[in-house]
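Here are a few exercises to work through with the model open in your viewer. Try each task before you read its solution.

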Amino acid sequence: MTPEELSAAVKTVLAQAVEAGELSLEVPDEVRVERPKSRDHGDWATNIALQLAKPAGMSPRALADILAARLGEASGISQVEVAGPGFINITLDAAAAGELARTIVEAGEIFGHNEALTGHIINLEYVSANPTGPLHIGHTRWAALGDAVGRLLRASGAQVTTEYYINDAGNQMNVFASSVLARLHGEEVPEGGYPGEYVAELAEAAAAQHPDIRELGRDEALPIVREAAYQEQMKLLRRTLENFGVHFDQWFSERTLHEGGKIDDAIAALREQGHVDDRDGAIWLRTTDFGDDKDRVLVKDDGEPTYFAADAAYYLSKRDRGFEEKIYLLGADHHGYVGRLKAIAACAGDDPQQNIEILIGQLMSVRGARLSKRKGNIIALDDLIEWLGADALRYTLARYPADSPIDVDPDLLQSRTNENPVFYVQYAHARACNAARNAEAHGVDRSGFDAALLTHQTEEELLAHLGSFPSVVASAAELREPHRVARYLEGLAAAYHGWYAKCRVAPSTHQDGTVEPVTDLNRTRLWLNDAAVQVLRNGLALLGVSAPEKM
């Protein structure tokens with residue numbers, strides 16, 4: 001019996017009690033069941049009696065007693081107890097609990113998927129680094145977290161578009177182009193320009209595309225160099241993200257907002273909402289009407305739109321493209337953007353509590369990481385991947401809440417010990433795959449399955465962990481917290497290792513070389529083993545981490 005099936009059973013007995021006149025209330029759409037803190041309290045627990053006591057007009061304990069009596073007669077439930085003020089603790093019979101193993105194996109890659117966020121249409125923007133240099137350590141955390149959040153949202157039924165906002169407009173691109181052009185002529189970059197040998201490499205790439213570029217005048221060459229270097233840098237940036245396992249559905253160019261008249265359209269739309277003022281020759285958005293610390297300039301008195309105007313046009317473009325919810329993942333240095341982005345949403349007529357969500361994360365550091373002079377005195381993401389591996393980095397970054405600073409220990413990540421969390425979880429998967437191969441070599445297959453045979457204490461514990469996976473995924477998606485999946489996987493790995501040490505899947509071999517015959521217990525345990533393989537693999541996939549079959 002899965003948690004979803006148990007939840008449905010509780011809803012059924014609620015409806016039966018209402019129909020029988022024992023209760024007068026409206027049956028809720030959702031009934032949550034959770035693992036109790038102590039296994040002595042049963043397999044699952046629900047506080048539904050506490051939630052419905054007031055509308056039912058009775059004490060929580062009295063309501064719990066009514067439900068417990070009916071649940072005790074339900075198929076697959078061996079015991080129901082009312083505890084404390086009205087908690088209902090439920091123990092499944094062995095067959096109902098063990099049936100979960102077959103359910104997981106048959107569900108395969110979709111086990112853990114749920115419908116908690118079905119109907120949500122979400123634009124998820126993250127990384128969005130300037131296209132003027134390589135990705136570095138400051139972008140690494142958001143690349144890992146953003147991709148994991150997107151995977152979780154999809155697994156919970158949301159319709160998600162992941163998006164990278166390319167800041168390819170404004171003076172920074174002119175400074176970038178001037179730096180590349182200087183290197184093209186063997187000169188130092190101008191003051192305030194972009195250092196690093198990568199700029200010279202971009203210059204050579206531009207020259208390869210335009211062999212006569214050095215012969216052109218500076219004014220004529222500058223836009224050609226800017227475009228060529230920009231396209232080359234974007235290609236390198238995409239390659240880095242691909243190496244990190246991060247894929248974007250949409251690459252949105254800021255330049256299109258300027259060239260396509262979208263900024264003027266956005267200002268007109270905001271003016272129509274009644275929040276635009278003309279003051280001192282400039283155009284302002286009254287964001288203080290909605291909690292911002294000051295009003296923001298959209299167009300300066302010289303007629304030039306501000307970065308804020310592009311931010312506003314970009315937000316409105318998301319709404320125009322049908323995204324009801326917009327999630328921004330921003331670094332700690334962008335904390336000041338929270339108020340102004342929410343104010344944009346409010347000025348546009350959206351609900352800033354419902355239509356926009358801004359996640360602010362803290363910094364990460366890696367002990368012993370070296371600056372890359374070639375890439376501009378930064379700690380480059382490419383170098384981190386080569387040094388520590390994409391799996392170790394992604395798992396580690398997903399393992400902590402976004403608002404917690406991280407100090408990564410490279411020695412730990414490179415160790416093949418149980419103290420290394422990613423190794424511990426991946427090794428559980430590889431060990432389970434090996435157990436399946438060994439069992440099959442001894443003639444064990446899935447031709448028989450008797451869930452009632454899974455009675456060992458470690459089997460009950462393993463099944464309990466496996467059954468929690470869908471609810472963990474749903475809560476991690478709803479809260480945008482991938483670390484819940486990582487910590488769950490570590491608990492599951494511990495449960496698997498404990499079961500592996502106590503229960504054999506393959507038949508035993510005696511000292512004289514004779515092998516015990518294959519029984520339904522071996523076959524049933526193979527199902528359970530494969531269920532663990534599947535959930536470990538599914539969980540790692542949600543974090544963008546591989547599940548090796550051999551280690």
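**Exercise 1. Find how many salt bridges the whole structure holds, then look at the pair Arg32 and Glu34.**

Solution. Start with the criterion: a salt bridge is a side-chain nitrogen of Lys or Arg within 4 Å of a carboxyl oxygen of Asp or Glu. Searching the whole structure with it gives 33 salt bridges. This is a predicted model, where local features need pLDDT of at least 70, side-chain atom pairs count only at pLDDT 80 or more, and totals for chains, interfaces and linings use all residues. Residues are numbered from 1 along each chain as its sequence is written, and side-chain values use heavy atoms, with hydrogens and water left out.

Now zoom in on the pair. Arg32 and Glu34 meet through their side chains at 3.9 Å, N to O. For accessibility, buried is under 20% relative accessible area, exposed is over 50%, and partly exposed is in between (1.4 Å probe, protein chains only). Arg32, at 44%, is partly exposed, and Glu34 is partly exposed too, at 46%.

**Exercise 2. Work out how Glu259 and Arg255 are placed relative to each other in helix H9.**

Solution. First, the contact: Glu259 makes a salt bridge with Arg255, with 4.0 Å between the closest N and O atoms. Next, the spacing: both sit in H9 (residues 254–259), and because they are 4 residues apart, about one helical turn separates them. (Helices are DSSP runs of H or I, at least four residues, and strands are runs of E, at least two, numbered from the N terminus.) As a reminder, an α-helix has 3.6 residues a turn, so residues three or four places apart point the same way. Last, accessibility: Glu259 is exposed at 63%, while Arg255 is partly exposed at 25%.

**Exercise 3. Which parts does the pair Asp350 and Arg319 tie together?**

Solution. Check the distance: the closest N and O atoms of this salt bridge are 3.3 Å apart. Then place the partners: Asp350 is in the loop between helix H12 (337–347) and strand S11 (356–361), and Arg319 is in helix H11 (residues 307–320), so the pair joins parts 31 residues apart in sequence. Asp350 is buried at 14%, and Arg319 is partly exposed at 29%.

**Exercise 4. Identify the residues with the most contacts inside the largest nonpolar core.**

Solution. A nonpolar core is a set of buried Ala, Val, Leu, Ile, Met, Phe, Trp, Tyr and Cys residues joined through side-chain atoms within 4.5 Å. The largest has 113 residues, and Leu153 and Tyr164 have the most contacts inside it. Tyr164's contacts (heavy atoms within 4.5 Å) include Leu135, Phe248 and Trp251, leaving out residues up to four places away in sequence. A second, separate core has 30 residues, among them Ala266, Leu298, Ala312 and Tyr314.

**Exercise 5. Say whether Ile88 is buried or exposed, and what it touches.**

Solution. Ile88 belongs to strand S3 (residues 87–92). With a relative accessible area of 0%, Ile88 is buried. Beyond four places in sequence, Ile88 touches residues including Trp44, Ile48, Leu67 and Val80. Finally, take Gly42: it lies 46 residues from Ile88 in sequence and 9.5 Å away in space, C-alpha to C-alpha.
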